[in-house]
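Hi everyone, thanks for coming. Let me put the sequence and the structure up on the screen, and then we can walk through them together.

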Amino acid sequence: MKTIRNLILTLLPIALAACGGGSQPGPSASTPSSSEEKKLNLFCWSEYIPQNVIDGFTKETGIKVAVENYSSNEEMLSKLLAGGGKYDLIQPSEYTIQALIKADQLRLLDQNALSNFVHIAPEFRDMAYDLGNKFSVPYMAGFVGICINTDKVKTPVKGFVDVFTPAHKGRIVVLDDAREIVSWALEMEKLGLNSVNAENLKKIEPLLKKWLPLVKVYDSDSPKTSLKNGDVDLGVVWSGEAALLYQENKKFAFVLPSEGSHLFVDNLAIPKTSTHPQNAHLFINYILRPEVSKLISDAFPYYNPNLAARKLLSPEQLANPASYPPAEDITRMETFTDLGKESASVDELVTQIKAGGK
Amino acid sequence: MADATWLDRGGTHAGSRRAGWPAWLLLAPLLVWLGLFVLLPTILLVVTSFSHRDELGRVVYSFTTENYLRCFDPTWLSIFWNSILYALAATVICVIVGYPAAYTIGRAGPKSRRILLTLVMIPFWTSFLIRTYAWISILSQEGLANSLLLSAHIIPGPLSMMYTPFSIVLGLVYNYLPFMILPIYTSVEKLDNSLVEAAYDLGAGPLRAFSRVIIPLTQPGIAAGALLVFVPAIAMYAITTLMGGGSNPTIGEVIQNQFTRARNQPFGAALGVLLMLLFLVCFLVLGRKKNSSAPSA
């Protein structure tokens, strides 16, 4: 056993270094420092913050970053609230920021420590869920849309109605995210993205009971994997994942569902229980640097709210239909709002239908 | 023999008086370990299973039995049943595949035996998650298995193997097979060859000798192996999530989901307690069977 442990301990740094690779931005003119111990516990989405960005931060500041991943806002919430102050920096989406502010779980940001906030596009500042950006800074934005392997699917797919048809049974991947799944059904029934109540959930239940048995794979971490491996032919996935597939092979088309789509904004925020808030501020400000933000866009091509970083992107990157869909489509989109008590019934409904979907 | 006499003498001495404080001292680490990591978590689990939750998913300690009532919904019962079937299938396949392997290893010469045992253990040198991901790239539609079969013209089109009950059972068998081989190997190794020879001398054919002598003598190994495979296989969630794609949920997956994305720890705890009770019943039944069959043997 001991030899195995030693082997792992020797191999781990090598493996991590191999992941890091990539170019790293040099230190900026004035590198701010913090008086805390050189540690940061980062709790973030899987496949969202590239390793070379984390390594670059450690190299510049000497702060060691411990990363833990989650694959849904709800999962993050349950671990954060049960965790007892383990995490220094989290990455919640807009509606979860709203819930966390309401529950008084977030730390007020020190605006003076975030000099790079100026790069954030005006439309991503002062969003309704956190006016004045007192608690959160946008990291990346994106959409949930339909990704189609056009080699396999020859019929036109424009919306959810075309995805969830019996012809596609066993060929669909969807996000393993109850809130998302319910929102698609709400859009389909024209009930409104955020109008979750007992009555509407009852209305969409038959639809979900028709949809979910058609699904082959539920995956929020990396829905692109099953599409890439050919195990499924189409799916409802994060735009960044679809953009990566498109980069790799143009046969993967991305469509914003005709029934309606929503914009998600993922943010960086500091929990009240954080023990390294200064380090967390340093990390946020580092992420906001245009050249760092560009590295994130290179690895995970979501919609970048950092205007200065977007200027650094190549024309191909900006032309990726999954990363940067037409502006008029984006302005039409709504965002999720916190559901409060109702979120429990969303979780329950989807878990139950998923489980009984056989 | 020397061992046995020593044990006997030790037994009579120790049996005549109560265990003193040195014995308790020696036991202390084990007792502390059991208390901290078995008893305490179990108590927490049971308490949580009778609690409510708030809108953010935090546990509210006020008494309710609704979590248990919900467990008996047909949805969850059918998942329980499916998980038992997957685990049962994995156990049976493990016996069928593992027994010949264990028998061969047990009967091999000392040198090749060591090599064969090492070969059984080698997969443990890498994390089971990495090995499971390897299976994903083998089984996927454009993966290794399909491209080999296609290029050899054995199948007309790619087979859909990933994210099916087949891939779940395969993942379970692959990961738990060593747990079946090792206990059977131990009992095969102890098998007294003269008994097998006696069976032949008394006119038994190979099949009869195997079914009437070898199998009963190695039965403790099979039972231990079956338990070591069946019990963890029911509750396994990592392999089943990765290889089942979430559309063939198992009870382990459902419980894990309740603690994470569904944010319903009390309900997850209730399912967990029921699962533990199920194991307890399994053990009691197996134990009773052993006792009742002992006199007749």
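**Where the parts meet**

Let's start inside chain A: domain 1 of chain A and domain 2 of chain A bury about 2200 Å² between them, and carbon and sulfur atoms give 61% of that area. Buried area here is the accessible area (1.4 Å probe) that two parts lose on being put together, summed over both. Of the area that domain 1 of chain A buries against domain 2 of chain A, 27% is supplied by A:Tyr95, A:Phe264 and A:Ala322, more than by any other three residues.

A word on the source: this is a predicted model, in which local features need pLDDT of at least 70 and side-chain atom pairs count only at pLDDT 80 or more, while totals for chains, interfaces and linings use all residues. Residues are numbered from 1 along each chain as its sequence is written, chains are lettered from A and ligands numbered from 1 in the order in which they are written, and side-chain values use heavy atoms, with hydrogens and water left out.

So where do those domains run? Domain 1 of chain A covers 36-141 + 264-325, and domain 2 covers 143-263 + 331-355; the bounds come from an automatic or database domain assignment. Their C-alpha centres lie 25 Å apart. In contact (heavy atoms within 4.5 Å) are 26 residues of domain 1 of chain A and 27 residues of domain 2 of chain A.

Now the charged pairs. Between these two domains the count is 2 salt bridges, a salt bridge being a side-chain nitrogen of Lys or Arg within 4 Å of a carboxyl oxygen of Asp or Glu. The side chains of A:Lys224 and A:Glu47 meet in a salt bridge at 2.8 Å, N to O. On the side of domain 1 of chain A that touches domain 2 of chain A, helix 4 (94-102) and strand 9 (263-269) of chain A each give two or more residues. Helices (H or I, at least four residues) and strands (E, at least two) are DSSP runs, numbered from the N terminus. Helix 4 of chain A brings the largest share of that side, 5 residues.

**Between the chains**

How much area do chain B and chain A bury between them? About 3000 Å², with 49% of it on carbon and sulfur atoms. The contact takes 32 residues from chain B and 37 residues from chain A.

Chain B and chain A share 6 salt bridges, and the count over all chains comes to 22. One pair that crosses between chains runs from A:Glu75, in helix 3 (residues 73-83) of chain A, to B:Arg261, in the loop between helix 12 and helix 13 (265-296) of chain B. Their side chains meet at 3.5 Å, N to O.

**One aromatic pair to finish**

The structure holds 26 aromatic pairs over all chains. Rings of Phe, Tyr and Trp (its six-membered ring) pair if their centres lie within 6.5 Å; planes under 30 degrees apart count as stacked, over 60 as edge-to-face and the rest as tilted. B:Trp33 and B:Phe37 form a tilted pair, 5.8 Å centre to centre with 55 degrees between the planes. These two are separated by about one helical turn, because they sit 4 residues apart in helix 2 (residues 21-49) of chain B.
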